[in-house]
Amino acid sequence: MSQTEQAVREDGVIRSVSGPVVTARGLDARMNDVVYVGDEGLMGEVIEIEDNVTTVQVYEETSGIGPDEPVRNTGEPLSVDLGPGLLDTIYDGVQRPLDILEDKMGSPYLDRGVDAPGIELNKKWEFEPTVTEGDVVESGDEVGVVEETVTIDHKVLVPPNYEGGEVTAVNSGEFTVEETVVELSSDESVQMRQEWPVREPRPAVEKKTPREPLISGQRILDGLFPIAKGGTAAIPGPFGSGKTVTQHQLAKYADADIIIYVGCGERGNEMTEVIDDFPELEDPSTGNPLMARTSLIANTSNMPVAARESCVYTGITIAEFYRDMGYDVALMADSTSRWAEAMREISSRLEEMPGEEGYPAYLAARLAQFYERAGYFENVNGTEGSVSAIGAVSPPGGDFSEPVTQNTLRIVKTFWALDADLAERRHFPSINWDESYSLYKEQLDPWFQENVEDDWPEERQWAVDVLDEESELQEIVQLVGKDALPDDQQLTLEVARYLRESYLQQNAFHPVDTYCSPEKTYLTVTAIHRFNDEAFEALDAGVPVDEIVNIDATPRLNRIGVQEDYEEYIATLKEDIATQLQELY
């Protein structure tokens, strides 16, 4: 929302300033109204009203403003501009386009109070209507298409709050987002631009059970702990365990149509890496630039704390907008812990009764409100679309018992637990297979059986069983040593080692291994399973364990990930393993 677009009026004056929290007196406002604070017009939002005192959280640095400066109310809730131009753009937490503001200021350092519309108002887009005069349309129906980027066609929809009616006029050609493209008999006119309050979910007919996986290209995720399109996942982990890299991999390779990446309170250098890398990356599914289907929201740790609170809502609202067009959207929030810390700071300045570890009592409710907006939906226009929400969590000291992690766990259905010990051993992705889980496995198995192989669930369960057995045996090994174990248990440890090294590990910086298709993921585990079966047959035939594990073929298991022509490589490897082991007896 632009200050220049709203009819603002001077309604009150500042009473006190406490960091991002400002109180005003004499302000005629409602909850969640956007206001402009001080002589510089800093954007804020009403969060509490008591008698004649209104409390505002300000989305910019408040140093230097003081009592008796004006507070102007717009009378509108915090909203985002929706329309063509959202993709291939970098925003701050309240949807101000950073590249446009940089041009406006002539400097990367932005002055307070500067503003710009979320989408360009003067740019002309080629509008191709998909309706004709006499057609009847309702709210949410498609009336035309705009080529937003080389990858994505932007579908122009009748706004959800419109009554709809018969199409009385259709325009075709180049228009700005504020010009009318379709007129209706209800005296409503459709433009390419919509506004929507960020705290209000966009309407849908029904939330359905998701049945299709969000393929990530990461073996441990797709193979053991899959997430559905329209699912929710959490990635908790201590500093340096790989949360951001994991989310970068998901943003690059997940088979979603649209990626919304929200950097919520993360370090500036991490967002700089995203901003530098994404425009140069090629989308593996289309060959076009990755940014052509991506929108970035950058709200780094040195930015005003209150803007963190809004940035996740900005991201999920943009995601819902593309969901309404029938697209599958993946939203990455990095990290929800910083968002919760912003809530804690605002709550403490409001002098609210603190909950566990100082977080507000409504922490769980706010997390649930965010994740509940994800899902697989039947839209009001009859299409189906999804929003998958993947939130990183940064528990202090890696303590998963802290409130943000625990409350997130109660909501999400996929848990990818990052492990500092694995990261120290250079095992990446450092996802702990003993602590992680997915509640989507059973509902996604039919898809994997139909699109990959019938025995996908059996192969996955075999791998899980071997890894579970290894965890139990490791406790004994630490006490008495590996050589004290029976031969069959020593062999199980060897099989589990190959599962860890060639199946669960993956090199994000290798041009081939950075992405692994479900077919390659399946064949990798079948190759290790073949070694397991042949090795135990050799053991039963009396072959010593040392001879079994030292055959020439098995080290090649660790090179499957880097093979482009993996099908032929794995088929040959299976034959060589069987031949070399059978020759021993």
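The model described here is predicted. Y585 has a relative accessibility of 44% and counts as partly exposed, because partly exposed covers values between the 20% limit for buried and the 50% limit for exposed.

Setting aside neighbours within four places in sequence, Y585 is in contact with E537, A538, A541 and V543. For one of these residues, V543, a separation can be given: Y585 and V543 are 42 residues apart in sequence, and their C-alpha atoms are 6.8 Å apart in space.

## The chain as a whole

The chain contains 15 helices and 26 strands. Its C-alpha atoms fill a box of roughly 90 × 60 × 45 Å, taken along the principal axes. The radius of gyration is 27 Å, which agrees with the value near 25 Å that a compact globule of 585 residues would have. Of the contacts in the chain with a separation of 6 or more, 70% are between residues 24 or more positions apart.

Of the 585 residues, 56% count as buried. The accessible surface of the chain comes to about 23700 Å², and carbon and sulfur atoms account for 44% of that surface.

## Two annotated regions

UniProt, in an unreviewed entry, lists residues 117-199 as "domain: ATPsynthase alpha/beta subunit barrel-sandwich". Over residues 117-199 the chain is 0% helix and 47% strand.

Over residues 446-548 the chain is 74% helix and 0% strand. The end C-alpha atoms of this stretch are 36 Å apart.

Helix α10 spans residues 441-451, and its buried residues are Q443, L444, D445 and F448. The cover over these buried residues includes α2 (219-223) and α11.

Helix α11 covers residues 456-480, and K482 is placed in the loop between α11 and α12 (487-504). K482 is partly exposed, with a relative accessible area of 36%. Apart from neighbours within four places in sequence, K482 is in contact with V477, Q490, L493 and E494. The C-alpha atoms of K482 and L493 are separated by 9.0 Å, and these two residues are 11 residues apart along the chain.

The peptide bond from D334 to S335 is cis, with omega near 5°. S335 is placed in the loop between β22 (328-334) and α6. T336 lies in helix α6, which runs over residues 336-349. T336 has a relative accessible area of 0% and is therefore buried. Not counting residues up to four places away in sequence, T336 touches Y371, G391, A392, V393 and V404.

Another cis peptide bond runs from F428 to P429, with omega near -5°. P429 lies in the loop between α9 (420-424) and β26 (437-438).

Q95 is a residue other than glycine with a positive phi, near 65°. Its place is in the loop between β8 (89-91) and α1 (98-105). Q95 has 2% relative accessibility and so counts as buried.

D187, likewise a residue other than glycine, has a positive phi near 65°. D187 is found in the loop between β15 (180-184) and β16 (189-191). At 76% relative accessibility, D187 counts as exposed, because that term applies to values over 50%.

Technical notes:
Residues numbered from 1 in each chain as written. Predicted model: local features only at pLDDT ≥ 70, side-chain atom pairs only at ≥ 80, totals over all residues. Heavy atoms only, no water. Helix = DSSP H or I, 4+ residues; strand = E, 2+ residues; numbered from the N terminus. Buried < 20%, exposed > 50% of the residue type's maximum accessible area, 1.4 Å probe, protein only. Contact = heavy atoms within 4.5 Å. Rg over C-alpha atoms; globule rule 2.2 N^0.38 Å. Areas by Shrake-Rupley, 256 points an atom, 1.4 Å probe, with all protein chains shown as cover. UniProt positions renumbered as here; feature names shortened; annotations may be inferred.
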